[in-house]
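Welcome! Have a look at the model below, and then we will go through it topic by topic.

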Amino acid sequence: MKLIVNKIVFILMMLVSFEGVFSQTNPPPPPSPPPGDVPVDGGVWFMLVVGIVFGYYSIRYIYKNKRSSI
């Protein structure tokens, strides 16, 4: 008799433990919409000026070193 009760308890415990594994959760909320148009501010112009100045000095440095090595 005790063996049957143990089997029933075991089967019930297994059924209860599998309920959490197969249960379905709520889906996540949808993502927020992307922001609208973002204005281009002064940082782009600053980077453009820095790039031009860096390019000028780099080219000047290369030509200066070529003339001195000849």
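Buried means under 20% relative accessible area, exposed means over 50%, and partly exposed lies in between, using a 1.4 Å probe and protein chains only. This is a predicted model, where local features need pLDDT of at least 70 and side-chain atom pairs count only at pLDDT 80 or more, while totals for chains, interfaces and linings use all residues. Residues are numbered from 1 along each chain as its sequence is written, and side-chain values use heavy atoms, leaving out hydrogens and water.

**Helices and I4**
- The protein chain has 2 helices and 0 strands, which are DSSP runs (helices: H or I, at least four residues; strands: E, at least two) numbered from the N terminus.
- I4 sits in helix α1, which covers residues 2–22.
- With a relative accessible area of 51%, I4 counts as exposed.

**Surface**
- Of the 70 residues in the protein chain, 0% are buried.
- The chain exposes about 7500 Å², and 72% of this comes from carbon and sulfur atoms; such areas come from the Shrake-Rupley method with a 1.4 Å probe, and for residues only the protein chains shown count as cover.

**Aromatic rings**
- The whole structure holds 1 aromatic pair.
- Y56 and Y57 have ring centres 5.4 Å apart and planes at 65 degrees, so this pair is edge-to-face (centres within 6.5 Å; planes under 30 degrees apart are stacked, over 60 edge-to-face, the rest tilted; for Trp, the six-membered ring is used).
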